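Let's take a friendly tour of this protein, one feature at a time. Keep the 3D view open and follow along as you read.

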Amino acid sequence: MHRGHAAADYQEDVLTGMARDFLGAADPRPFFLVLTPTAPHLEGSRKSDDDGIAVRPAPRYADTPRLDVVPPESQPSFNEAEMSDKPAFMRSLPTVSPDKERDVYNSKVAAIRAVDDMLGAVVDPLAASGRLATTTIIVTSDNGYQYGTHRRDGKTDMVEESIRVPMLIRAPAQVTPRHVGEWVMNTDWAPTIADLGGATPDIAVDGITLSPWVMGGTAPGRQAMLVEQASDDAFGPHPPQHITGDAKGRVTLTYITDLVRVQQMRTLASQLGVLQACVGPACVVR
């Protein structure tokens, strides 16, 4: 369906209207709804979805107050002064423009407000109809963004700012809300949704259900994950990377090209082989 450029055609609002219509239909059957707004992702062109064009907010939020100094600038890693401890491919990186990072960050803050409206438009009718008590809601994202940390304007490095994203789950019969730092993967989404919905996947899945954890049980306890990233003209190439962690969410990052001990290489190669070929619970490396 083609849309124009009027205020009513703002993508997040169009999707919100469709979701509201869907939830308002008189249909007693269980439902599955996926909403994937572009905001706050950067806008792109036909060449690339990462051209770096600041995402436009909904017209009603065009006057969102700007931050003169954005939160990433308060971190020592922003435009990091000492890069000698970084991999060779990062040591010669130039510093980024603080003005550009402020523009990008502020545009995303303004744009995310329409996504907040979207969440309300989903939750409110569910609450009004009494279906919220039997509905699972999952909110998450695809990646973080560095905004100049470690001199990078992008999202392809295995560092906290890029690799970690929030994931919120609200499920029926859930125990008292809590915040945990355990690792989950996007491969866990499908088995979790199936489990909470009372279904069994008819294909092999690499993830595991998070249902027991959501209900207050034991977390998966991952200490390693497989992350694949193609070289990107927008953010530059990088060598293979290996990331591990512990049950408290503490991360150890190793750039494989910096390893010098043969045994380390063998250990990593063995673990990589497991993660590439594993299925289901076997992918949870502890």
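## The disulfide

Start with Cys 278 and Cys 283, which are joined by a disulfide, with 2.0 Å from S to S. Keep in mind that what you're looking at is a predicted model.

Are Cys 278 and Cys 283 buried or exposed? Both Cys 278 and Cys 283 are buried.

## A tucked-away threonine

Next, find helix α5, which covers residues 189–196, and pick out Thr 192 in it. Thr 192 has a relative accessibility of 1%, so it counts as buried, because the cut-off for buried is under 20%.

What does Thr 192 have around it? A polar atom of its side chain sits 2.7 Å from the backbone oxygen of Asp 188. If you skip the neighbours within four places in sequence, Thr 192 is in contact with Ile 208, Thr 209, Leu 210 and Ser 211.

## Salt bridges around Arg 60

Time for some charges. Side chains of opposite charge can pair when their charged atoms come close. The structure holds 12 salt bridges. One of them is between the side chains of Asp 13 and Arg 60, at 2.7 Å from N to O. That pair ties together distant parts of the chain: Asp 13 belongs to helix α1 (residues 11–24), Arg 60 is in the loop between α1 and α2 (88–91), and they are 47 residues apart.

Arg 60 also meets the side chain of Asp 117 in a salt bridge, this time at 2.9 Å from N to O. Here too the partners come from distant parts of the chain, with Asp 117 in helix α3 (residues 98–129) and Arg 60 in the loop between α1 and α2, 57 residues apart. Put together, Asp 13, Arg 60 and Asp 117 are linked in a network of salt bridges.

How open are these residues? Asp 13 is partly exposed, with a relative accessible area of 21%. Arg 60 is partly exposed at 44% relative accessibility, and Asp 117 is partly exposed at 29%.

## One more pair

Finally, check out Glu 160 and Arg 164, whose side chains meet in a salt bridge at 2.8 Å, N to O. Glu 160 has 37% relative accessibility, so it counts as partly exposed. Arg 164 is partly exposed too, with a relative accessible area of 33%.

Note on methods:
Residues numbered from 1 in each chain as written. Predicted model: local features only at pLDDT ≥ 70, side-chain atom pairs only at ≥ 80, totals over all residues. Heavy atoms only, no water. Disulfide = S-S within 2.5 Å. Buried < 20%, exposed > 50% of the residue type's maximum accessible area, 1.4 Å probe, protein only. Helix = DSSP H or I, 4+ residues; strand = E, 2+ residues; numbered from the N terminus. Polar contact = N/O pair within 3.5 Å; in protein donor to acceptor, adjacent residues only side chain to side chain. Contact = heavy atoms within 4.5 Å. Salt bridge = Lys/Arg side-chain N within 4 Å of Asp/Glu carboxyl O.
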